[in-house]
Every structure is written in C-alpha cells, then in structure tokens.
Amino acid sequence: MAEQDLRVVVLGAGMAGILAGIKLLERGYRDVTLYEKADRVGGTWRENTYPGLTCDVPSHHYTYSFERNPDWTRHLPPGAEIQDYFERTTAKYGLFDLIRFNEEASRAEFRDGRWHLGFKSGREDVADVLIAATGVLHKPRFPDIRGADSFNGQLFHSARWDHSVSLEGKRIGVIGNGSTGVQIISALAGKAAKLEHYQRTAQWIMPVENGYFSEEERAAFRAAMSNPAKMEEMLNTEEYMAGVERYTQAITDMESEGAREMADYCLANLENSVTDPELREQLRPDHAPLCKRLIFSPDYYQAIQHPQCALVTAGIECIEPEGIRTRDGVLHELDIIVFATGFHADCFMRPMTITGRNGADLEDLWKNRPLAYLAISMPDFPNLFMLNGPSGPVGNFSLIDIAENQWVYIEQLLDRIRSGECPELAPTREALDTYEAARVEAAKKTVWFQGGCVSWYLDKDGVPSSWPWNYNRFVELMRKPDWAAYDLPEPVATNT
Ligand code: NAP
C-alpha cells in the first residue's frame, strides 16, 4: 500500500477528533475525513451549555500542548470560551474543509481489508483506518423517577439545556449533585425565585480559586506564546503534574498521604463554610474522598446557603404535575426541573453497529463491559483505534492531555500500516485478556471500588472501568507500542 493511498476516517469532531485531524495532517496524511453528528465542532462543550458550565482543570492546562490560549479570562475555563477555543483551533488548522457535519455513523463493517461505513443520512464511505473519537459522556442518563411525564412545567437534562425557558422569577429544582449539578446551583443561586437542590449522596467538595486573569497577566501569556521557556514557567507544569500524580496516588491508595490531605482539605472547607450545623451534617459525605469524581467548587457551599436556596435530602418519591413529591410526603411546587443526573458512560461509539474481521460483533466483545487493549485497540477490529476509549484514564485532569498521549501511540500504529508492512493491525486476544485481567485486579484496589460509593466509574458488575494505575505508567505505555501484543504478519523468509 502506497503511503498516500491510506484513507483515514475520524468519527467525531470534539476535542479528540480535532486533535486527530490536526495530527493526521501534520504527519502528511492527505485523505482524511471527519464525520460529526451535529452541526458544530466541540463535542461535550457544544452539547453542554448549562448556566455555570466550567471546566475544573486550570485554564492554561486545558488546551492542546501545541496550541496554547493566552486569552482565557478566568483561572478555570468557562464552557463558552472552551467551545470558542475549539472552533478557532479547527479553523486555524484548516480542518473545516475535512469535516462533514450532520452525519451520524450508524454502522461500520470491516470487509476486504477496509472499513465500510454507513450513516443515518444514507451516505456511505470506505476507510483504511477508522479513528473513533466519539467521546465518553455524551448519552444523557434520565433517572427512572415515576411521574416525570406528568410534570406541567419545563423539564430537561443538564446536557440538553432549554435556553428558550426563562429562569426569571421561577421555582427551580435541580436533581443531582455531581460536578454539573453543583455548578448549576452556584450559577442560579440568587437568580431564581426558589432553588432546590435534590441530593441523594453528599459529595466531597474541594475549594478552588476561580478569579479573573488581569489584563497584565493575559498580556504576559500573549508575550510568552513565542517564548516556550517562559510559557513553561508560566504554566507551572511541574506543580500541576505533581498535583495530578498526588491525585492518582490517592485513587490507587486510599491510605496514602495524598488521600488524607484531600480529605482534610475538603472537610475544612465544609466546617469553615457552612454555618448551620444541621445543613453541615446533611452535606457531610459518608464515603471515602475521590470514590466519586472529586468536585472542585469555589462557591457551592455559599450558594446552597443562599436564602432562596434549599438542600433537599428527603429522597424523591415521584414527580407530579405541580412538582416533586419527596418521601416525607411533602410536595415541592416547581416551574422547572433539571435532571443533572449524568450520562451512560459505557456507550463510546454505540449505538453504532460495528462488525470486525470474520463477522466479529462489537456487542459480543463488549457484552460484559466495554473492553480495549490499553484503551485503544481491539482484537478482530483491525485498524480501528479509539481516543478516550474504554479503560482510559478519567479523573480530575485534562482529557486533552490523555488524548495527546494516546495519539503518540496511535500514530505509531498508523505508520506501521502506512508502511505497507502490516496492512491490518489489531492486538491479539491474549494481549487484551492479559491487560484486562491485570486492570480489573488493580481496579479492585482503587478507592472507586473500595471507597463505599456508587459512581459512573463502575460498570454494571460494580468494577471500576477506568485506568487503575498512576498517570506516569499511562504515559510510559503510550510512548511506544509493545509489538508483541499485536497480530503482525510473519516476516517473509529469505534465502540468503
Ligand atoms: P454524575 O457525576 O454522574 O452525577 C449524577 C448525579 O445525579 C448524582 O448526584 C446522582 O446521585 C444523581 N442522580 C442520578 N439519578 C438519580 C435519581 N434517580 N434520583 C436522585 N438523584 C439521582 O453526573 P454529572 O454531574 O453530569 O457529571 C458527570 C461527569 O461529567 C463528571 O464526573 C465529570 O467527569 C464530567 N463533568 C466535568 C465537569 C468539569 O468541570 N470538568 C463539569 C461537569 C461534568 P448519586 O450520587 O446518589 O448517585
């Protein structure tokens, strides 16, 4: 196969798909198409537009490493600025011409050495390599609450915010206190006539500063764009990475000093911020810190103490035409109900139908839980590689950085295919089984499994589905593929 013949299709034009597009062009791939189901790039940052939407990764670390953004206005990047950043970056790297919008892939079949794709629109395409950059948290989870259909007011999921609904003078109930619910409450406190936060499980909340960058600071970042050493100094990457390492250490070892430090910090935040002892007890978590994703918030405890705001812990009995009835029999009359109830975290490319070599069905491989060797590739699904796929690291750090590291690995797989030496590349079943067995064993030692909580990190058997080792191990493994894990053709014997 000649190099220029390799056709690469990327599914998804969110953060990871844009990254793949940029890197493919940079590496000299010319026959590249990105398919995006929506009419804009941006993935999660396009779909989530709820009030208060913010990324809790420090702004200057939430960018591609090769495309810094001196213009962030705040220490934590607001959702709209992130969306703007991705649109600008897509334009700057000339990707818009490669993206087909409003095209949702519904099937992919590996036949005669290529991926044959079908789209909901009826379009078809063929690719030598398929990159799945379809995101992790994109399928909203609607809670199974009786009577939701009977509600007379407005009801929507946080990821489907209805901006046509005015919030002015309204009585609003927000169900769920993950990162999303907490950000919505902080944004709406003082704006709604009545704001109720329905909490099922109290959360650990880490205080964080979220000030504005001054004009001088932004000018300094602008000046540092042409001075990598200065930029590195300003990013303070060493300290940020030390924090990432402490965090992953706390996940893998509940007794670690890092875990204790985080617990102390969050508890002091609770004690110092919440004055009413009864409310304080309601807000006190009963599981280990980091068991659920840690919440960073500069102002949630202040917001929940606002006179028009109330924490509701009685448990939801049902939804009625007038509002939410709690298990203590009280009817809470509401105009708007928001489901900040999270996502189905096990979908990845699904609901696509994906058929690999010899009729292998992705649903069979994933019948117990989504699986991928090192979160990237799967046996019998050659030349299909995932960014932020199953078992990849997720946590309180930048998924951009994770995807960039994964690309370092994927690029080497692509080069091998492009060289013609190995037109079909997939890991062996043995490699996947060995990886997955070790991963599950390690996952059972993490705080996600042992910390006494339920979260979206767990699969349907209660096993954490994420990367259970530390960050450095991940980066190390992404540096160079272990070719012994791949189904490579036998070298051709020569008579010398
Ligand atoms: P989530 O963390 O899965 O939280 C869902 C919430 O809904 C939980 O509080 C859960 O309660 C509650 N819930 C679910 N079903 C319920 C029911 N039937 N009755 C009452 N409560 C119910 O979802 P999320 O807040 O959308 O966050 C998901 C992930 O998105 C985060 O963990 C994070 O990775 C990402 N995110 C990141 C940021 C950021 O700043 N970077 C911001 C937002 C989201 P229980 O805890 O009791 O199950």
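This is a predicted model: local features need pLDDT of at least 70, side-chain atom pairs count only at pLDDT 80 or more; totals for chains, interfaces and linings use all residues.
Local features are reported at pLDDT of at least 70 and side-chain atom pairs at pLDDT 80 or more, whereas totals for chains, interfaces and linings use all residues. Residues are numbered from 1 along each chain as its sequence is written, and side-chain values use heavy atoms, with hydrogens and water left out.

The ligand is surrounded by 22 residues, each with a heavy atom within 4 Å of it, and the closest are Asn177, Thr180, Thr201, Lys292 and Trp456. By class, this shell holds eight nonpolar, 10 polar and four charged residues, with Gly counted as polar. Helix 4 (residues 179-188) gives the most to the shell, with three residues; helices are DSSP runs of H or I with at least four residues. Among the polar contacts (N or O atoms within 3.5 Å), an oxygen atom of the ligand lies 2.6 Å from a side-chain N or O atom of lysine 292, and an oxygen atom of the ligand lies 2.7 Å from one in the side chain of asparagine 177. Serine 179 places a backbone N or O atom 3.2 Å from a ligand oxygen atom. Taken alone, the ligand exposes 910 Å², of which the protein buries 84%, by the Shrake-Rupley method with a 1.4 Å probe.

The largest nonpolar core comprises 137 residues, being a set of buried residues (under 20% relative accessible area) joined through side-chain atoms within 4.5 Å. Ile131, Met349, Met378 and Phe385 have the most contacts inside this core, and helix 12 (residues 399-418) gives the most to it, with nine residues. Because domain 1 (7-41 + 95-139 + 344-485) and domain 2 (148-213 + 217-339) both give residues to the core, it lies between them.

How values were computed. A polar contact is a pair of N or O atoms within 3.5 Å; within protein, one must be able to donate a hydrogen and the other to accept it, and residues adjacent in sequence count only if both atoms are side-chain atoms. Helices (H or I, at least four residues) and strands (E, at least two) are DSSP runs, numbered from the N terminus. Buried means under 20% relative accessible area, exposed over 50%, partly exposed in between (1.4 Å probe, protein chains only). Domain bounds come from an automatic or database domain assignment.
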